Amino acid sequence: MLKNSIAIIPARAGSKGIIDKNIKTLNGFHLIAYSIAAAYASGIKKVIVSTDSEKYADISKKYGADVPYIRPSSISNDKSTDIEFMNHAINW
């Protein structure tokens with residue numbers, strides 16, 4: 001059932017609470033790796049990371065995610081909503 005599904009993982013670099021939280025390491029792996037692995041383990045066919053950071057994109061690719069674009073800064077700030085990055089991903 002999930003074999004034709006796509007996961008879209010948001011990973012904004014501008015977090016103020018915990019700087020670079022998506023790429024902090026836990027047991028030798030970046031936190032984003034756990035989200036990517038969980039998506040694939042659930043049977044998802046393709047995992048896309050939506051990020052505004054080249055660094056986050058490179059790390060995500062190392063764990064098997066696709067990062068086909070860098071998210072625009074206009075939808076990557078503290079006030080941005082999930083619907084904005086999802087619409088961007090779908091329209092991309």
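This briefing describes aromatic pairs, a nonpolar core and salt bridges in one structure. The model is predicted, so local features need pLDDT of at least 70 and side-chain atom pairs count only at pLDDT 80 or more, while totals for chains, interfaces and linings use all residues. Residues are numbered from 1 along each chain as its sequence is written, and side-chain values use heavy atoms, with hydrogens and water left out.

**Aromatic rings**

- The count comes to three aromatic pairs, where rings of Phe, Tyr and Trp (its six-membered ring) pair if their centres lie within 6.5 Å, and planes under 30 degrees apart count as stacked, over 60 as edge-to-face and the rest as tilted.
- One of these pairs joins Phe29 and Tyr34 edge-to-face, at 6.1 Å centre to centre with 80° between the planes.
- Phe29 also forms a tilted pair with Tyr63, at 6.5 Å centre to centre and 55° between the planes, and this pair links distant parts of the chain, since Phe29 is in strand β3 (residues 29-30) and Tyr63 is in the loop between α2 (54-62) and α3 (82-91), 34 residues apart.
- Helices (H or I, at least four residues) and strands (E, at least two) are DSSP runs, numbered from the N terminus.

**Nonpolar core**

- The largest nonpolar core has 15 residues, and those with the most contacts inside it are Ile9, Ile32, Ile36, Val47 and Val49.
- Such a core is a set of buried Ala, Val, Leu, Ile, Met, Phe, Trp, Tyr and Cys residues joined through side-chain atoms within 4.5 Å, and buried means under 20% relative accessible area, exposed over 50%, and partly exposed in between (1.4 Å probe, protein chains only).
- At least two residues of this core come from each of β1 (6-11), α1, β4 (46-51) and α2.

**Salt bridges**

- The structure holds three salt bridges, each being a side-chain nitrogen of Lys or Arg within 4 Å of a carboxyl oxygen of Asp or Glu.
- Asp78 forms a salt bridge with Arg12, their closest N and O atoms being 3.3 Å apart; because Asp78 lies in the loop between α2 and α3 and Arg12 in the loop between β1 and β2 (25-26), the pair ties together parts that are 66 residues apart in sequence.
- Asp78 forms a salt bridge with Lys16 as well, with the closest N and O atoms 2.7 Å apart.
- Lys16 counts as exposed because its relative accessibility is 63%, whereas Asp78, at 44%, is partly exposed.
- Lys46 and Asp66 meet in a salt bridge through their side chains (3.7 Å, N to O).
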